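The structure is shown first, and the text follows.

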Amino acid sequence: MGSTSARDDGSTPEGTGGHAGPGRRDLIRRSAALGLVAVPAMGFLSACATGGGGGGGASDGTTAAAGEKTDKNPLGVKEGAPLEAFIFKGGLGDQYAKDAEADYKATYKAEVKHTGTQQVGPKLTPRFAGGNPPDVIDNSGADHLDMNKLSTQGQLQDLAALLDAPSLDDPAKKVRDTIHPSTIEKGKHGDTFDVLYYAFTIYGTWYSQKLLDSRGWTYPKTLDEMVALCGEIKKAGLAPWTYAGKYPYYVHFNLFAQIAKIGGMEKWIAIDNLEPNAWTSNDGVRQVVEHYEELAAKKYFLEGSQGLTHIQSQTAWTKGKAVFLPNGSWVENESAPTTPDGFGMSVGALFDGGGGDKLPHGTLRAEPSEPYIVAAKGRNPIGGMELLRIMLSKKHAQNFATKVKSLTCVVDATEGMTLSPGLASASKVFKEAGENLISLQLQEWYPALTDEKIGGLTGQLLAGELKAADWIKKTQAEADKVAKDSSVTKFKRTA
């Protein structure tokens, strides 16, 4: 749930079928009282978008494991010291992490305890409170830990040493020089880099190239062309769009980025920073939200989409009931069980709004996702950082691409590989976008605002129950509430 957010997995909570029962609901409330778990609306699912602490050891007084630093062991991992990894097991699974753990175990002759789960927050909140957190955590999913509060409390390991360590592939290069620069920017709280977003998600409008070709349709370049094509699609007896109506924040993956594309990043940064009138004074907001109002008014969404989960909407899409789906690049792996051979899964960049767009044609929302953190007060934070260094090698970046059909933050790791259709399409639009990439923070920093409050408004908008002007007015009001709420930690970005 870009984290989604770190929220980019689109997963279903364990044993719930997507709905929180009374026991789980109480657990989430208790977790929230401790200030360690992000509180979603009941049934809220994260997609598969946050200073630090030292590695002083667990709060029970034990000393964190540390060994001698050498050329082959630049972080100083203590050989034989156990490592505990807690990995979110959602749309991306967790086998890729197990593979990296196997290399860690072989290199350092250490036992690695692995837990794969979709309930990271509820399971780890008491452990952080008790001073015995696991060493490395993939903090994604519906019930992810609140990284803002963890960072403020000094619970997150400062990962500067990881960035400055030599990469496994080329000791002459530091890790920081092998990953996309936005990974470092997105992972900072203030000046401290304490979150590694391992995946690199391509967001956009997903479609079947086979379907478009069979009907003689072309992916639209502009919002107006999209509306016109939707008319043709509807006449052909198909629904132009579907979406996860039970979790309408999925639509924000496109809607928010489309606003930034038309209105420009300077005005979007004002939205990220919760500035007064940031929504109401942005012409890009008006143009984009009115576009969605028009799609709803013309009934261009698959009937019943309001009641669909992310999995159900993806299944309707892969079965050809709808042509377009707003989503992130994890969708190829997650929808694989229902995707027919030859589907030609593809993703398109953002649409042009008109002559006044601040960003050019081909602009794409592409940003780091899948947040990994190391517990500063764990028993082996150095080992936790070393596991991340192993994962940032080309070997494991390529393994990730092969197993889950998604990119990592490691630059050019998939060069020369034969990619799956969706990943090949994502890589293509990513390269075509060049430097015209959009990265947003609002969903990462204030998920309750975007996914619950604004998400609820978006659900009404797409159901034809709310006008664009009212959506904008109410969204601004909700953002203002957060801006004035002293209990919410605020963050600022300048670029």
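Against which elements do the buried residues of α10 pack? In this predicted model, they pack against α9, α11, β12 (437–438) and α17 (442–445). The buried residues of α10 are Met265, Trp268, Ile269, Ala270, Ile271 and Asp272. Because six of the eight residues of α10 (residues 265–272) are buried, the helix is largely enclosed by the rest of the structure. Leu274 follows α10 and has a positive phi, near 60 degrees.

Helix α8 can be described in the same terms. The buried residues of α8 are Leu223, Met226, Val227, Leu229, Cys230, Gly231 and Ile233. Their packing partners are β7 (239–241), α9 (252–263), α11 (283–297) and β8 (322–328). The 13 residues of α8 (residues 223–235) should span 18 Å at 1.5 Å a residue, and the end C-alpha atoms are 19 Å apart, which agrees. After α8 comes Gly237, with a positive phi near 90 degrees.

|---|---|---|
| α8 | Gly237 | positive, near 90 degrees |
| α10 | Leu274 | positive, near 60 degrees |

The largest nonpolar core has 58 residues, of which Trp268, Trp279, Tyr292, Phe324, Leu442 and Trp471 touch the most other members. A second, separate core of 47 residues includes Ala85, Ala97, Leu387 and Ala397. Leaving aside neighbours within four places in sequence, Leu442 is in contact with Phe256, Trp268, Ile271, Asp272, Leu274, Trp279, Pro447, Leu449 and Thr450. Among these contacts of Leu442, Trp268, Ile271 and Asp272 are buried residues of α10.

How do the axes of α18 and α19 cross, and within what distance do they come? The axes of α18 (residues 447–462) and α19 (residues 468–484) come within 10 Å and cross at roughly 170 degrees. As angles over 145 degrees count as roughly antiparallel, α18 is therefore roughly antiparallel to α19. On the α18 side, Leu449, Lys453, Ile454, Leu457, Thr458 and Leu461 take part, and they meet Ala468, Trp471, Lys474, Thr475, Glu478, Ala479 and Val482 in α19. The residues of this contact divide into eight nonpolar, two polar and three charged.

Is Ser313 buried or exposed? Ser313 lies in helix α12 (residues 310–318). Its relative accessibility is 2%, so Ser313 counts as buried. Apart from neighbours within four places in sequence, Ser313 is in contact with Thr242, Tyr243, Ala244, Leu308 and Leu325.

Key: Residues numbered from 1 in each chain as written. Predicted model: local features only at pLDDT ≥ 70, side-chain atom pairs only at ≥ 80, totals over all residues. Heavy atoms only, no water. Axes fitted to C-alpha atoms, helices over the stretch in contact; angles between N-to-C directions. Helix = DSSP H or I, 4+ residues; strand = E, 2+ residues; numbered from the N terminus. Parallel < 35°, antiparallel > 145°, perpendicular 65-115°, else oblique. Contact = heavy atoms within 4.5 Å. Nonpolar A, V, L, I, M, F, W, Y, C, P; charged D, E, K, R; others polar. Expected span 1.5 Å × (residues − 1). Buried < 20%, exposed > 50% of the residue type's maximum accessible area, 1.4 Å probe, protein only. Core = buried A, V, L, I, M, F, W, Y, C linked by side-chain atoms within 4.5 Å.
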